[in-house]
Amino acid sequence: MKKQSVTQADAPAAPAGLALVIGAGGGLGAALLAQLSGAASAPGAAYPAVRALGRASEPAIDYDDEASLAVAAKWAASQCAEVGLPLRLLLVASGFLHGRQGQPERSLAQLDAGYLRHAFAVNAIGPALVMKHFFPLLAAQGRCVAGFLSARVGSIGDNALGGWYGYRASKAALNQLVKTASIELARRNRQAICVALHPGTVATSLSQPFAKTGLAVRPADVAAAELLAVLAGLNAQDTGSFRDYRGQPVPW
Ligand SMILES: NC(=O)c1ccc[n+]([C@@H]2O[C@H](COP(=O)([O-])OP(=O)(O)OC[C@H]3O[C@@H](n4cnc5c(N)ncnc54)[C@H](OP(=O)(O)O)[C@@H]3O)[C@@H](O)[C@H]2O)c1
């Protein structure tokens, strides 16, 4: 059978707005940025204006320094003004599982206050401050989307294995922040969508030490395209939900 090709005429129109990726230096953040910029994107995924922020961008963001988020939000507002487009897509792709601050715990005996503090700082407090400083920039009218990369292991209902206390608890905290902020955001714009996303297991430095043989590990560009397709298919009634990369709801 002849494969149907999508011509420019049938391709979905590019959303009229600016897209911003936070944590764009990470495996998934960089792949999302590439898709949105049109470098390797699916039809309709590209935005007319795309900007990126991370620890190494200019301005740089540092979750331990709220003032850096205030400066970055001012910069993002100036970028919207420069291109004459509102912020229509905000993606937060930052996250922490392992590093010099420690490794995910297998048992209570391995709990470490420094690791727990860092996991909560990066996975929950940082994204909460992003909500505080960047949500006021989201378009006040028409569809706009804020997507936060969470993880299925942050689901309380789905926790059958235990372990990974800090990562699980900090992602569960993120999920609650997403749900709560979705309610406030809807009061400002009834077409706004704010969701938590599970990307599946993706080949990045975050998953690398834990990607067991036999586990379906997908390349970051595939996962990014899937996540953007899920976001594109959501509507205002879906706000405040937790979705996986196939669009299926994940239990809280
Ligand atoms: N990979 C997977 O299998 C998988 C599975 C489930 C969920 N997730 C989630 O998906 C998201 C992206 O993960 P990834 O796989 O792309 O991981 P990654 O390659 O390690 O990227 C994570 C990014 O988070 C940002 N970040 C880390 N520490 C930070 C800090 N202290 N302050 C501010 N930003 C910080 C960095 O972005 P900058 O370098 O731009 O600052 C970093 O590159 C995370 O939320 C992760 O929990 C991933």
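Modeller: Happy to! Let's start with a pair of residues: L18 has L87, in strand 3, as its bridge partner. Keep in mind that this is a predicted model. The mean pLDDT of the chain is 92, and 91% of its residues reach 70 or more. Over residues 1-11, though, the pLDDT is below 50, and beyond near neighbours in sequence that stretch has four contacts in the model.

Now back to our strand. Strand 3 covers residues 87-92 and is mostly covered, with six of its six residues buried. On one hand, strand 3 pairs with strand 1 (residues 18-22) in the parallel sense, over five bridges. On the other, strand 3 pairs with strand 4 (residues 144-149), again in the parallel sense, over four bridges. You can find one of the links to strand 4 at L90, whose bridge partner is A146. To get from strand 3 to strand 4, the chain passes through helix 3 (residues 113-134), making a right-handed β-α-β crossover.

Next, look at I22 in the model. Leaving out residues up to four places away in sequence, I22 touches L53, G54, I61, L91, V92, A93, S94 and V130. Within the largest nonpolar core, which has 64 residues, V21 and I22 touch the most other members. Helix 5 (residues 220-232) gives this core its largest share, eight residues. There is also a second, separate core of nine residues, with Y63, V122, W164 and L206 among them. As background, nonpolar side chains tend to be buried together in soluble globular proteins.

Definitions and conventions:
Residues numbered from 1 in each chain as written. Predicted model: local features only at pLDDT ≥ 70, side-chain atom pairs only at ≥ 80, totals over all residues. Core = buried A, V, L, I, M, F, W, Y, C linked by C-beta atoms within 7 Å. Buried ≥ 20, exposed ≤ 12 C-beta atoms within 10 Å, placed from the backbone. Helix = DSSP H or I, 4+ residues; strand = E, 2+ residues; numbered from the N terminus. Contact = placed C-beta atoms within 7 Å. pLDDT = per-residue confidence, 0-100. Pairing = 2+ DSSP bridges. Right-handed = clockwise from strand over helix to strand, strands pointing away.
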